[in-house]
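Please open the structure in a viewer and display it as a cartoon.

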Amino acid sequence: MLAPAGRADPYPLYAEAHRLGPVTRIADTLYLVSGYQAVDQLLRDPGFGLHPAATGPGADGPLDLLSRSILRANPPDHPRMRSLIGKVFTRRRVAALAPRVEQAVDELLDELAAERGPVDFMDRFAFRLPVTVICALLGVQTRDHALLRSLAADLTEVLELTGPTTPAAEAAATALAERFAGLIAARRAEPRDDLVSALVAVRDADDGRLSDAELLGNLILLLVAGFETTTSLLGSGLALLLDRPDLLATLHAATSVVATAPPAGAATEAGAGDAAVAGFVEEVLRYESPVQVLTRTALVDGRSVADLPVPRGADLIAVVGAANRDPARYRDPDLFDPTRTDVRPLSFGAGAHICLGNSLARLEATVAFTRLVRRFPAMLAAGDPVRRDRLVLRGLQSLPVRLGAAG
């Protein structure tokens, strides 16, 4: 899976893993978990967690800040921090973003409509939409979105299973830490109605519930996670539509119910359009999960996964991308079928560490695909997509597309 061919197309290897069983011991204390139920169980079991963060001298560098975030924390730190962040990153706040998401989508589509030639969908839309939304949510004022994309790409190298930290990742962590340190100081002096101000207020409550390092680490995480996976979701979804013109036509028809005075049954049709896009988004998440691999370690004795005993201290590689294509869970798992029912992808994780922003990602993707296929029903591929050379975070680097006449 770590070889170039495996990173490019891991799915045949996932099929082989399923033939070996839902859990496979691949070394004395290393396990590969590929079955859907096994991965779901592993992610929900509190007896499994993350490697504890390093402490003491030398463990407070910029890159170590991610270990102070909810991404890498175990109880009691994880539930404490997640509860605090969850109180300000609420469903209500996310739902209130819907008009801003719609506005951002329409503005980006207007820009694309003005282009006469092919465009790179990843650069011009798939990245810019989620980064615009998460920056608005956090209160990050910047027009240098390309720099944020580059910093995030360098920083997330630490999530891959390929070896030691790179200098580029360290430099990216330093740059992001400096940006947020300045923003924290500004919001402390002049609070606004944004997520940074809300978390600074929590930090400054002087009750010891959130440290300076935890505040900084979680803000970096929220920014990067806020656009990294959604960018891949949008790119993979459009690539699948371009490869299947019949699906593009079907989705366009479902989202194009227009009536100046809705007749009887129009509300039902519009609801069907919403359901069609929602089903499409869930199938994209299942079929091409933006996050392919998660890791866990056994924190206690006496644990097992799929009835296989796992000793304390053992490491487990949870292959989410394989779990989402488990033939024991989904019929014809290698077939992309947005009409599937009971699709519950593990792409955002499960249990205590389920992605805090999963509802925001789904909102952005639903709005984006609804408006995109309605406006450009004649989209065509304008070249071969280029995939990022990653295993853990799977997605496209570029996707040339010719939009055609606007609908």
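An open sheet of three strands, in the order 4-12-9, shows antiparallel pairing. Strands here (E, at least two residues) and helices (H or I, at least four residues) are DSSP runs numbered from the N terminus, and two strands pair if DSSP finds at least two bridges between them. The model is predicted, so that local features need pLDDT of at least 70 and side-chain atom pairs count only at pLDDT 80 or more, while totals for chains, interfaces and linings use all residues. Residues are numbered from 1 along each chain as its sequence is written, and side-chain values use heavy atoms, with hydrogens and water left out.

Select strand 4 (119-120) and strand 9 (380-381): these are the edge strands, each pairing on one side only. Leu-380 has Arg-402 in strand 12 as its bridge partner.

Move to the open sheet of five strands, where the order is 1-2-8-5-3 and the pairing is mixed. Its edge strands are strand 1 and strand 3 (48-49), each of which pairs on one side only.

Select strand 1 (residues 23-27) together with strand 2 (residues 30-33); they pair in the antiparallel sense over four bridges. The two form a hairpin, with two residues between them. Which residue of strand 2 stands opposite Arg-25? That residue is Tyr-31.

Leu-32 stands opposite Ile-317 of strand 8, and Val-33 stands opposite Ala-318.

Helix 3 (residues 36-44) is the next selection: this helix packs on the sheet and touches strand 1, strand 2, strand 3, strand 5 (293-298) and strand 8. Contact means heavy atoms within 4.5 Å. The direction of helix 3 makes about 125 degrees with that of strand 8; angles run from 0 to 180 degrees between N-to-C directions, and axes are lines fitted to C-alpha atoms, for helices over the stretch in contact.

## A pair of helices

Finally, select helix 6 (residues 98-113) and helix 8 (residues 128-138), which pack at an angle of about 145 degrees with their axes 10 Å apart. Residues making the contact include Val-101, Ala-104 and Leu-108 of helix 6, and Leu-129, Thr-132 and Val-133 of helix 8.
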